Amino acid sequence: PPLRAAGGLFSEAKKLYSSLNPHVREKDMEILFKNTKGGNIKFTHLENENDAEGNHQGLQYSMVGFDELTHFTQSQFLYLIGRLRSESVTDSFCMGTCNPDPDSWVMNWVEYYLDDGGFPRNDLCGKIRHFLIVDDKPKFADTPEELEAEYTELVWVDDPVTNKKVYVPPLTFTFISGTIFDNPALIKANPKYLSSLKAQSPVNR
C-alpha cells in the first residue's frame with residue numbers, strides 16, 4: 001500500500017515518467033518503456049524474509065533500489081544484489097536510502113562514515129569501500145588488496161573449465177549523507193515543512 005499511496009514511489013514514478021508515454025501496468029505496479037529503448041521499472045515488496053528468494057529467484061536486474069534499507073534484512077539486501085545481472089550497457093548497481101537507526105544491521109555498513117556523535121563526516125562521505133561476505137558477515141577494507149591478502153581463497157577461485165585461477169574482485173559501496181537542504185525543490189514546494197520537522201522529537205527530526 002505505501003507504494004500506491006499519495007507520495008508513494010509508484011505514484012510519483014508515474015508522474016515523473018509521464019512525458020515518455022510509458023505503458024503502465026497498474027495491477028503489477030510496472031512501468032514499461034516500449035516507446036523508447038525498452039526496459040521497465042517494477043515496484044514490489046519484501047514483506048517476509050523469504051520473499052527475496054521467493055519473488056526474485058532467477059531474475060536479473062540492472063538496478064535494484066531499496067526505499068528505507070533499514071526496513072529490510074541484510075540477507076534480503078544481499079540476495080537482491082545477487083540478481084544484479086543484465087544485458088544493460090551500464091554496470092548493474094544497487095541503491096538504498098535510510099534514516100538513522102543505531103539498532104539496524106545497516107549501522108555496521110555506515111559507521112565508518114560517522115563521527116563519534118553518530119553524524120556523517122563530510123570528508124568520508126562518498127569514499128569508496130570494498131567488501132566481501134565471509135560466513136554471512138561483511139568484511140570491509142579501504143582497498144581490494146587488503147581483502148585479497150586476508151581472504152585469498154575468496155578472491156582467487158578455480159575455474160574448472162580452464163583449470164586456471166580467476167580473480168574475483170570484491171564488491172564496492174559508498175555512503176552519501178543528506179539533509180532536507182539537499183532537496184531545495186521540496187522546501188520551495190513545502191516551505192512549512194522545515195517547521196514541521198522542527199516540531200518533531202530530536203530523533204525523529
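## A lysine in a helix

Lys 14 has a relative accessible area of 27%, so this residue counts as partly exposed. Keep in mind as you explore that this is a predicted model.

Which residue pairs with Lys 14 in a salt bridge? The partner is Glu 26, and the closest N and O atoms of the two are 3.0 Å apart. Lys 14 sits in helix α1 (residues 9-16), while Glu 26 belongs to the loop between β1 (23-25) and β2 (30-32), so their contact ties together parts that lie twelve residues apart in sequence. Glu 26 is partly exposed too, because its relative accessibility is 39%.

## One aspartate, two partners

Now move along the chain to Asp 142. Its side chain meets that of Lys 127 in a salt bridge, with 3.7 Å from N to O. This pair links distant parts of the chain, 15 residues apart: Asp 142 is in the loop between β7 (137-141) and α5 (144-150), and Lys 127 is in the loop between α4 (106-110) and β6 (129-134). Lys 127 has a relative accessibility of 32%, which means that it counts as partly exposed. Asp 142 is also partly exposed, at 31% relative accessible area.

Asp 142 forms a salt bridge with Arg 129 as well, and here the closest N and O atoms are 3.3 Å apart. Because Arg 129 lies in strand β6 and Asp 142 in the loop between β7 and α5, this pair ties together parts that are 13 residues apart in sequence. Is Arg 129 buried or exposed? Arg 129 counts as buried, because its relative accessibility is 10% and the cut-off for buried is under 20%.

How many salt bridges does a search of the whole structure find? The search finds eight, including the one between Glu 26 and Lys 14.

## A nonpolar patch

Let's finish with side chains of another kind. Met 63, Phe 93 and Met 95 make a nonpolar surface patch of about 290 Å².

Notes: Residues are numbered from 1 along each chain as its sequence is written. This is a predicted model: local features need pLDDT of at least 70, side-chain atom pairs count only at pLDDT 80 or more; totals for chains, interfaces and linings use all residues. Side-chain values use heavy atoms; hydrogens and water are left out. A salt bridge is a side-chain nitrogen of Lys or Arg within 4 Å of a carboxyl oxygen of Asp or Glu. Helices (H or I, at least four residues) and strands (E, at least two) are DSSP runs, numbered from the N terminus. Buried means under 20% relative accessible area, exposed over 50%, partly exposed in between (1.4 Å probe, protein chains only). Patches are made of residues with over 30% relative accessible area and no salt bridge: like charges are joined within 9 Å, nonpolar side chains (Val, Leu, Ile, Met, Phe, Trp, Tyr) within 5 Å. Accessible areas come from the Shrake-Rupley method with a 1.4 Å probe; for residues, only the protein chains shown count as cover.
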